[in-house]
Amino acid sequence: MNIGLQDTYDTVSSDTKLQLLLGALFEESLGEELRSMAAVLLRRFLSSSFDEVFPKLPPHAQTSIRGQLLAGVLQEGNPQLRKKMCDVISELAHALLDEEGNNLWPEFLHFLFESANSNQVHHKEVALTLFSLVPGTFGNQQAQHLGMIRTMLLSSLNDTANPTVQALAVKATSSFLLLHDSEATIHKGFADLLPPMLNIIAASIEQGDDDALLKSLVDVAETCPKYLRPQLEPILQLTVKVLPDDNIPEAFRHLLLEVVVTLAETAPGMVRKVSGKYLAQLIPHVLNMMTDLEDEEDWSVSDELLEEDNDSSSVVAESSLDRLACGLGGKTVLPHINSALSQMLNSQDWKHRHAALMAISAVGEGCHKQMEAMLPQIMDAIIVFLRDSHPRVRFAACNAIGQMATDFAPTFQKKFHEMVVPGLLAVMEDAANPRVQAHAGAALVNFSEVCPKNILTTYLPTIIGQLERILEAKFTELMEKGTKLVLEQVVTTIASVADTAEENFLQYYDKFMPCLMYIIENANSQELRMLRGKTIECVSLIGLAVGPDKFMTDAGKMMDLLLKAQTNQDEMSDDDPQVSYLISAWARVCKIMGKRFEPYLPLVMGPVLKTASLKPEVALLDNEDMNTVDNEDDWQFVSIGEQQNFGIRTAGLEEKATACQMLVCYARELKDAFADYTEEVVKLMVPMLKFYFHDGVRTAAAESLPYLLECARIKGALYLQEMWSFICPELLKAIETEPENEVLSEHMYSMAKCIEVLGSGCLSEEQTTELVKMLDKVLTNHFERANKRHEKRKDEDYDEVVEEQLLDEDDEDTYALSKVSDVLHSLFAAYGSQFFPFFDAILPHIVHLLSPERSWPDHQWGLCIFDDVIEYGGPNCIKYTDHFLQDADEAPHVYGYLCDLIDANHPLVLGPNNANLPNIAFIKEAIERSSEVGERMVLVLQQLQASPDVFSVVLQHLSQQQQHAIHIFLNPQDSTAS
């Protein structure tokens, strides 16, 4: 729609729009294009303005519109327009299903069944199209119609005379299954629809004209994989048949592979049970796909790294192999890979050698345990390819070594440094193939960044000599030819080596710094932005490595150079790679200079705040509009219904997260010197606690808050209180609504540290109650997730690989539990026994942590919480003793800790003039008198006994049974006499 028409359209009233669009939709004289536009606008209108218009129409008008739409779609002869009319009807059907599931358009349900049973093919097509768009249209009446829905779908799937009806039935069935993804009863009742679905999908692959059915199968594999269990073997059979068939379009083969890979991720145990014989065929096919490479004569001398084509067979296959290994595990996948690699590595065809080496790179994460035991054999096999005759094979060898250096660190560095370092340095001399030369430098980065310092130090003279020669040569090339690829990489490699070598880099500082400073000062052209950014990173990392004594001389000069070009931030675009490098470099220099960085703050805060304040571009698009999105790689979309997609432009998000983390660094390092910026930064950070587009932004926002409060102390109590009044409500809301467990843990830790900074009185009674309710929710979820893991251990697909995944989930939950403990610790430290009435609300959860059947981490954190109860609760903590002194396994630890507190004369435990001693319940049957803790308890009692007056007071507070227990504990010989 052009701008003039758009302006006119926008001025029309809503009632008039509805009538005009309906009229245009059914006016055949307008032609297909205008009627199609009317349909699109009408659907959008119903989506955005239904509530303000349609319910206010007279009942007869509403009935008329609904009837006109249903009659019109059956009469329409143009298939494209019919589809767009279905989009309009589905939007209206969505709107007429209320929150309780009542369908306010009963005629629509009758229309669906009547059309599906019609003898006219296009009537059936309309019914199935509509049902796929609104599979939940039956609402709360669905149960009584379930049989009719199943019959409608099954008969359509079996309509062999009409392939179009069959295809639409596959889409409709998939939509219905996805809507009920967690309802096993429906999956079981619709199980007999799966075989005809797969037959129709297989036929669509043979025809190769519409991949929508395969995409539906991918969706089912992702959302309700266990529905596919009965037909898993046929799916695998189809895959191993189709993958090597060059007559099948590439996109179809990729999608079918995606089905299997998705199942390996979403239901790995199920796949492992039946995949053995199929993987023996599938994995060689995937490896063969990785050989689908073009012979590019100038590939190795290119100075620009072009982005890989993510749709190419080689890239799809490599990614699939990685995901299969991670999903199914090395025990299942690696034997099939190994059986094929030997032949590929010995092939005369460079593409096969390349594919084998890239495969080794791809599966290291998923096959970690199995490959780690085989590393010597693997390295012996691949190290020779650093000297291969083909540059792309040498590149792949560097890639494999670099990836393994990351995946198996530091074991890899300790075992193979003698072959890896000389091997990579030799490839870095390959000036005739700069792309290979650069990749060897990248592999050396992977090796050195996690290499033990003592190992790397032994190679420093050799490495530094090589890097110095390459830097000089490539700097000359830059000046003469403008080539920069290897120079960019060598700068990064120098940074990584310095970062690991630390003080050992001091002697080489003067070799590199003048050249690096020259690049920063003079690499100002557009094409050298990345080089300058990486050089900035390198200099700041060298500064951190050698320390302030050596770097301070150049620190001021570096800051002046950086700020000279950066003072006017408007000259630098948001996606300029220098931005993130600059921001990170300033933070490193801040860490080096400490308070001496303060004069630079006014100059650096503007750019940092601007980047941290970036507001991402978002869009709400129709399915049709999705085809018009430019630079789709910069966008991520999520479907939010059958017709709409929410998108966010991801460019700049990482830079935003980096800037937020740098603000944390400034607050942490500068403390009082950062006080003048606390108000502005708090106002920026607090809203970003709910920046759901990026986890790192929310984490940095939470992490910053306690540091900002520390910085603000110097401003006085009133300023601090006003800041906390702004922070606290929003931090509480963020804890309540945070969807990611990992980020939730950081929000809770932030709250704990804020309370520690502010102390008693920082939370009102209402806020404390609210916080405890949130802790109750976290603990409830903790137990529920543990129960789900317990059920998974009884699942038919449970195996040792599933157990490994469940143990990882255990660790994640334990981390979250530790943050609950941190919050409670801060509350007890601030409020002491005054917190007990609030604590009692979650006491059952804490007691449950100590139940015998709970895991040892639950016991550990439960005891830590009760330790705080004892330490900060004073004499009133005695009311909880029955809860935490009931576990025989944990009793020695608890009593040992109590002895520690008594031995340390802890005032909160002993009380004024030891007034609390009578309240310390000290005898526990689970404690053996002869044990270390038992002997410590006897010693404490004997010390009390040495003061008859005190001991007498203690005994007066005890029952006869307790007095007898103490007597026997002190005089064990009397127990046998009695």
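Here are some worked exercises on the predicted model above.

Before you start: this is a predicted model, where local features need pLDDT of at least 70 and side-chain atom pairs count only at pLDDT 80 or more, while totals for chains, interfaces and linings use all residues. Residues are numbered from 1 along each chain as its sequence is written, and side-chain values use heavy atoms, with hydrogens and water left out.

**Exercise 1. Get an overview of the chain: how many helices and strands does it have, and what percentage of its residues count as buried?**

Solution. 
- Step 1: the protein chain has 48 helices and three strands. These are DSSP runs numbered from the N terminus, H or I of at least four residues for helices and E of at least two for strands.
- Step 2: of the 978 residues, 54% count as buried. Buried means under 20% relative accessible area, exposed over 50%, and partly exposed in between, using a 1.4 Å probe and protein chains only.
- Step 3: along the principal axes, the C-alpha atoms fill a box of roughly 110 × 75 × 65 Å.
- Step 4: take the contacts in the chain with a separation of 6 or more; residues 24 or more positions apart account for 71% of them. Contact means heavy atoms within 4.5 Å.

**Exercise 2. Work out how H25 and H27 pack: at what angle do their axes cross, and which residues make the contact?**

Solution. 
- Step 1: two packed helices are described by the angle between their axes and the distance between the axes.
- Step 2: the axes of H25 (residues 485-501) and H27 (residues 529-546) come within 8 Å and cross at roughly 15°. Axes are lines fitted to C-alpha atoms, for helices over the stretch in contact, and angles run from 0 to 180 degrees between N-to-C directions.
- Step 3: H25 and H27 are therefore roughly parallel to each other. The cut-offs are under 35 degrees for roughly parallel, over 145 for roughly antiparallel, 65 to 115 for roughly perpendicular, and oblique for the rest.
- Step 4: H25 passes H27 in a left-handed crossing. That means the near helix is turned anticlockwise from the far one by less than a right angle; clockwise would be right-handed.
- Step 5: among the residues in the contact are Leu487, Val491 and Ile494 of H25, and Leu531, Cys538 and Ile542 of H27.
- Step 6: sorted by class, the contact has eleven nonpolar, two polar and three charged residues. Here Ala, Val, Leu, Ile, Met, Phe, Trp, Tyr, Cys and Pro count as nonpolar, Asp, Glu, Lys and Arg as charged, and the others, Gly among them, as polar.

**Exercise 3. Now try H13 and H14: how far apart are their axes, and at what angle do they pack?**

Solution. 
- Step 1: H13 (residues 232-242) and H14 (residues 250-266) have axes 10 Å apart and pack at an angle of about 140°.
- Step 2: that makes H13 oblique to H14.
- Step 3: the crossing of H13 past H14 is left-handed.
- Step 4: the contact includes Leu232, Ile235 and Thr239 of H13, plus Arg253, Leu256 and Val260 of H14.
- Step 5: by class, you get ten nonpolar residues, one polar and one charged.
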